Amino acid sequence: MTTRLNPYLNFPGSAREAMEFYQEVLGGDLKLNTFGEYGSDDAATKDQIMHALLETPAGFTIMASDLPPGMEHQPGQNISISVSGEDADALRGYWEKLAAKGTVTMQLEKQMWGDEFGMVVDQFGVPWMIDIVHPQ
């Protein structure tokens, strides 16, 4: 897997509907994973989208998720930049530079799905997500 950069959208419970619409508009393959698939038994979130991935024939990639309870939805400001791949050294380097003058909102560490993942807001207020993919 090469390292890629793409938008990551957040929705207040409508990620499935939005991503199915984007698939209808742009075509491509859509993969949806729910919070329940990753072990959540919370009735309020188990059927919501934890991660969606749309890859189109034109080479576009859009990722998305539903916001968990307690996270505020701000229309127009519900986007992050996602950088993901298998080159752990390069991705950790990006993380360190972004975090140096930024604010870490989730430490870069191993997650329940097996990847190393973290979130940081850079010194300009731009939210970033770094995902170091570990083959399963």
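Okay, so the count here comes to 2 salt bridges, where a salt bridge is a side-chain nitrogen of Lys or Arg within 4 Å of a carboxyl oxygen of Asp or Glu. Bear in mind that this is a predicted model, where local features need pLDDT of at least 70, side-chain atom pairs count only at pLDDT 80 or more, and totals for chains, interfaces and linings use all residues. Residues are numbered from 1 along each chain as its sequence is written, and side-chain values use heavy atoms, with hydrogens and water left out.

Let's take Glu 55 and Arg 4, whose side chains meet in a salt bridge at 2.6 Å, N to O. That pair links distant parts of the chain, 51 residues apart: Glu 55 sits in strand β3 (residues 49-55) and Arg 4 in strand β1 (residues 4-11). Strands are DSSP E runs of at least two residues, helices H or I runs of at least four, numbered from the N terminus.

Then there's Glu 116 with Arg 92, also a salt bridge, 2.6 Å from N to O. Here strand β7 (residues 116-121) brings Glu 116 and helix α2 (residues 88-100) brings Arg 92, 24 residues apart. Is Glu 116 buried or exposed? Glu 116 counts as buried, at 16% relative accessibility, while Arg 92 is partly exposed at 30%. Buried means under 20% relative accessible area, exposed over 50%, and partly exposed in between, with a 1.4 Å probe and protein chains only.
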